[in-house]
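The following note is meant to be read with the sequence and the structure side by side. Please locate each residue in the display as it is mentioned.

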Amino acid sequence: MFPKSAAITSLSLLLFVTCPPTIGADVTFEDVTEAAGLAELGGDLAAWADYDNDGDPDVIANHLFRNNGDGTFTKADEAGISGSGCWGDFDNDGDLDFYNRIGDGTLSRNLGNGMFESVAIPANPGGHARSAAWGDVDGDGFIDLFVPNHETWLNDKNHWRAYPDYLYRNNGDDTFSIVWASPHKKQYCGRGVNFADFDYDGDQDAYISNYRLMPNVFWINDGNGNFTDEAEARGVVGDADGPDIPAVPGSPPFKCHGHSIGSCWGDVNNDGYFDLVVINFAHGAGYQDRCKVLLNSGPPNYTFAPGPTGAQAGIYYQESYAKGTLGDYDNDGDLDLFISTVYGHNHCELYENDGTGSFKPVGEGTGVQLRNTYQAAWADYDNDGNLDLTTGERLFRNSGSGNNWVKVKVVGDAGTNRAGIGTRVQVTAGDKAQIRQVCGGNSGNQNPLVLHYGLGAFDGPVTVTAFFPSGRQGNWETTPGTRLVIKESEANDRWL
């Protein structure tokens, strides 16, 4: 890992720990929670980000913990933030700010000295957010905020009401305005929101995971922050194969779909397009949707359908799947999947990708089959090039596979938001290309904004191509085992 004093500049290649000599070794995870100083790690969700710009990821899970750069953390309650939410640089000053989605919702500005101050933001009228995510929906270079709302129970146990989801527009002057709410017929029990430019038209679209057997919603952006639900047309609404659900106070009637709690965007079959993994809690009835792996067809229609091995793609049935997170834990060049569970008779599971978007369970052998948690987030906390895992209020260190890797940090400084959220980055190593996108939240959890790519045994030159939301495109060269910082201002071409 690099020293605290090291300056991070554009195109700097910062060398980390050298890859071990054994390629393809089995990966295991060691619980290092207490040794790392995270015994007080709490909360039901976790969000990773380098808030102090020292080159290593910090984490907030109820408390904020500062990464000391030596494999340990220090609780940083004095910083003035806590809770559960998402990181993003709303004021484009180069320091990551934090939105806490709990209750009315609060926004804290990073002052750049380890401290935060409160910033006025309209209260969440629904007040029941289980997640939130940043994305520049109107293309003005400032990240906006999407806040879905869940439900509340009324006077008796058989009646509840849902609340609208809200879009907060960043006005670019340190203020926000609520400019959109989901219409009455789309007021469902939202549990997760994920942005992605899945159709490569340059704007951020929002997928909402809805609970209570409700249809999921896919808000397609017209480029100006105006949304149309195309979940059914795109093939991501869920399966309407159950009985009709009668209307309850505050919610329109609907046909049974699934209990969706989270979703993940990622190119799971490495064909160059972002696919969608939908995490579904499901009681025994067959009409309740199981987890789904839906592959993006790409142009011209950008629709989604199950892959060659079906929608479950090797994900075996458990009742209480909750949150998922994609990451290449074995650095073999494809995205693997971790899913948490929330019932005591189930366990979290790690699924290894075979490179086609089909998965096999490997949690028992790797040591991460915990229970009762919504936490699911990857982060290379010790900067050794291997993705570590936060789940169940525990930190698990990755032993490493011996495979090579590359990391990319994006700096938007010429029309794109400073944190680079929404930027698509392709890494090409030999004849293999991988894409990732800088994301401002993952259904309540958050992986670091620094992108991670496994390269397998490849040890030659690596090409990095970035597609910025502003329309700029740039190319850089690097080598395995490095962390590359790319600046939008150095991108001379255009893709839009």
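**Notes on a predicted model**

1. Asp-244 is exposed, with a relative accessibility of 56%. This value, like every other in the note, comes from a predicted model. The partner of Asp-244 is Lys-255, with which it forms a salt bridge whose closest N and O atoms are 3.5 Å apart. Lys-255 has a relative accessible area of 33% and is partly exposed.

2. A second salt bridge joins the side chains of Glu-151 and Arg-212, at 2.3 Å from N to O. Glu-151 is in strand β13 (residues 151-153), whereas Arg-212 is in the loop between β18 (205-210) and β19 (217-221); the pair therefore ties together parts that lie 61 residues apart in sequence. Is Glu-151 buried or exposed? Its relative accessible area is 8%, and because buried means under 20%, Glu-151 counts as buried. Arg-212, at 21% relative accessibility, is partly exposed.

3. The side chains of Asp-229 and Lys-186 also meet in a salt bridge, at 2.8 Å from N to O. This pair links distant parts of the chain, 43 residues apart: Asp-229 is in strand β20 (residues 227-229), and Lys-186 is in the loop between β16 (176-181) and β17 (190-196). Both residues are partly exposed, Asp-229 at 22% relative accessibility and Lys-186 at 26%.

4. How many salt bridges does the count give? The count comes to 19 salt bridges. The model also has a network of salt bridges, which links Asp-91, Arg-109, Glu-117 and Asp-174. The reader may wish to find these four residues together in the display.

5. Attention may now turn to the strands. Four of them form an open sheet in the order β3-β4-β5-β6, and their pairing is antiparallel. The edges are held by β3 (47-49) and β6 (73-75); each has a single partner strand, so one side of each is left without a neighbour in the sheet. From one strand to the next, the twist averages 25°. Within this sheet, strand β5 (residues 63-67) is joined to β6 by three bridges, and the two run antiparallel. Arg-66 has Thr-74 in β6 as its bridge partner.

6. Another antiparallel pair consists of strand β38 (residues 462-467) and strand β39 (residues 472-478), which are paired over six bridges. Thr-463 has Glu-477 in β39 as its bridge partner. These two strands form a hairpin with four residues between them, where Gly-471 takes a positive phi near 105°. Strand β39 is also joined by two bridges to strand β41 (residues 493-494), again in an antiparallel arrangement. There, Arg-472 stands opposite Arg-494 in β41.

7. A final point concerns confidence. The mean pLDDT of the chain is 93, and 94% of its residues reach 70 or more. Which residues have a pLDDT that stays under 50? They are residues 1-24, for which the model has 62 contacts beyond four places in sequence. Where pLDDT is low, predicted coordinates should not be read in detail.

Conventions: Residues are numbered from 1 along each chain as its sequence is written. This is a predicted model: local features need pLDDT of at least 70, side-chain atom pairs count only at pLDDT 80 or more; totals for chains, interfaces and linings use all residues. Side-chain values use heavy atoms; hydrogens and water are left out. Two strands pair if DSSP finds at least two bridges between them. Axes are lines fitted to C-alpha atoms, for helices over the stretch in contact, and angles run from 0 to 180 degrees between N-to-C directions. pLDDT is the predictor's confidence in each residue, from 0 to 100. Contact means heavy atoms within 4.5 Å. Buried means under 20% relative accessible area, exposed over 50%, partly exposed in between (1.4 Å probe, protein chains only).
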